[in-house]
Amino acid sequence: RRAGRIEGRNEGRLEGRKESILEILSELGEVPESIRLQIRKEDSLDKLKNWAKLVVKAETIEQFAERM
């Protein structure tokens with residue numbers, strides 16, 4: 001039961017991070033479906049953390065995509 005709670009918590013963190021990245025990215029313009037899918041499919045919290053740092057520094061969606 002505890003393992004289920006931990007797994008659920010981790011899943012929530014992943015989903016929250018993905019939503020944040022996409023929300024910030026959308027402020028830069030229309031997010032291409034390919035980037036949207038890549039973010040949605042990612043299951044590595046470390047990679048999502050890195051992308052979260054990148055997205056706040058990016059000036060364009062293209063710049064973010066190049067550094068992914």
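The legends below describe several views of one predicted model.

**View 1. The chain as a whole, with four helices and zero strands.** Helices (DSSP runs of H or I, at least four residues) and strands (E runs, at least two) are numbered from the N terminus, and along the sequence they give the pattern α-α-α-α. The C-alpha atoms fill a box of roughly 45 × 20 × 15 Å along the principal axes. Residues are numbered from 1 along each chain as its sequence is written, and side-chain values use heavy atoms, without hydrogens and water. Local features need pLDDT of at least 70 and side-chain atom pairs count only at pLDDT 80 or more, whereas totals for chains, interfaces and linings use all residues.

**View 2. The largest nonpolar core, with 14 residues.** Such a core is a set of buried Ala, Val, Leu, Ile, Met, Phe, Trp, Tyr and Cys residues joined through side-chain atoms within 4.5 Å, where buried means under 20% relative accessible area (1.4 Å probe, protein chains only). The members that touch the most others are Ile21, Leu25, Val31, Ile35, Ile39, Trp51 and Phe64. At least two core residues come from each of helix H1 (2-26), helix H2 (33-41), helix H3 (45-57) and helix H4 (61-67). Across the chain, buried residues make up 24% of the 68 residues.

**View 3. The surroundings of Trp51.** When residues up to four places away in sequence are not counted, Trp51 is in contact (heavy atoms within 4.5 Å) with Ile21, Gln38, Ile39, Glu42, Phe64 and Met68. In the chain, 59% of the contacts with a separation of 6 or more join residues 24 or more positions apart.

Notes
Buried < 20%, exposed > 50% of the residue type's maximum accessible area, 1.4 Å probe, protein only.
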